[in-house]
Amino acid sequence: MEESTETAAMPHSGAHGYISNKDDYLKRLRRIEGQARGLQGMVSDEKYCIDILTQISAMTSALQSVALGLLDDHLNHCVVDAAAAGGPEADLKMREASAAIARLVRS
């Protein structure tokens, strides 16, 4: 694993950008958790490889959907607030968001 040169996440005071969608995110993450258990069962039951790969693809898409939603919430709340305040916090939030986008693109 390569060493990260990214800036550590800044502590955030106040409500996080995703708070208004928290229950939806939790439901989606529980569904993804169920998918992971289902995948374990499929492997344990020696199901067909392609069927397992299809379910992995569905789970990956679900995780990407959650990640994109969280990123959108972060940009529209945390980054916008920091940009409005200006100064070094704004620069840091922009670098932080860029690094998060880069991680998502690489995944």
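I began with Ile56, which counts as partly exposed because its relative accessibility is 37%; here buried means under 20% relative accessible area, exposed over 50%, and partly exposed in between, with a 1.4 Å probe and protein chains only. The model I am reading is predicted, so I kept in mind that local features need pLDDT of at least 70, that side-chain atom pairs count only at pLDDT 80 or more, and that totals for chains, interfaces and linings use all residues. Residues are numbered from 1 along each chain as its sequence is written, and side-chain values use heavy atoms, with hydrogens and water left out.

I placed Ile56 in helix H2, where helices are DSSP runs of H or I with at least four residues, strands are runs of E with at least two, and both are numbered from the N terminus. Ile56 also belongs to a nonpolar surface patch with Tyr48, Ile50 and Leu53, and together the four have about 410 Å² of accessible area. A patch is made of residues with over 30% relative accessible area and no salt bridge, like charges being joined within 9 Å and nonpolar side chains (Val, Leu, Ile, Met, Phe, Trp, Tyr) within 5 Å. The accessible areas come from the Shrake-Rupley method with a 1.4 Å probe, and for residues only the protein chains shown count as cover.

**Overall layout**

I then looked up the whole chain and found three helices and zero strands, in the order α-α-α from the N terminus on. Of the 107 residues, 21% are buried, and the protein exposes about 7800 Å², of which carbon and sulfur atoms supply 57%. I also checked contacts, meaning heavy atoms within 4.5 Å: among those between residues at least 6 apart in sequence, 62% join residues at least 24 apart.

Which residues form the largest nonpolar core? I listed seven, namely Tyr25, Ile32, Leu39, Met42, Ile52, Met59 and Val66, a core being a set of buried Ala, Val, Leu, Ile, Met, Phe, Trp, Tyr and Cys residues joined through side-chain atoms within 4.5 Å. Helix H1 (22-44) and helix H2 (49-85) are the elements that give two or more residues to this core, and the largest share, four residues, comes from H1.

Setting aside neighbours within four places in sequence, Leu39 is in contact with Ile52, Gln55, Ile56 and Met59. Val66, found in helix H2, is buried, with a relative accessible area of 4%. With residues up to four places away in sequence left out, Val66 touches Tyr25, Arg28, Leu29 and Ile32; Val66 and Arg28 are 38 residues apart in sequence, while their C-alpha atoms are 7.5 Å apart.

**The H1-H2 loop**

In the loop between H1 and H2 I noted Glu46, which has a positive phi of about 55° although it is not a glycine. Glu46 is exposed, with a relative accessible area of 72%.

**Helix H3**

Helix H3 (residues 87-106) has 20 residues and reaches 29 Å from its first C-alpha to its last, close to the expected 28 Å, the expected span being 1.5 Å times one less than the number of residues. I found Ala90, Leu92, Lys93, Glu96, Ala97, Ala99 and Ala100 buried in H3, and what covers the buried residues of this helix includes H2.

Leu104, also in H3, is partly exposed at a relative accessible area of 30%. Beyond its neighbours within four places in sequence, Leu104 is in contact with Ala67 and Leu71; the C-alpha atoms of Leu104 and Leu71 are separated by 9.6 Å, the two residues being 33 apart along the chain.

**Salt bridges**

How many salt bridges does a search of the whole structure find? I recorded two, taking a salt bridge as a side-chain nitrogen of Lys or Arg within 4 Å of a carboxyl oxygen of Asp or Glu.

One joins Glu33 to Arg37, with the closest N and O atoms 3.7 Å apart; both residues lie in helix H1, four residues apart, about one turn of the helix. Glu33 counts as partly exposed, at 45% relative accessibility.

Lys93 and Glu96 meet in a salt bridge at 3.4 Å, N to O, and both lie in helix H3, three residues apart, about one turn of the helix. I looked up their burial separately: Lys93 counts as buried at 3% relative accessibility, and Glu96 counts as buried at 14%.
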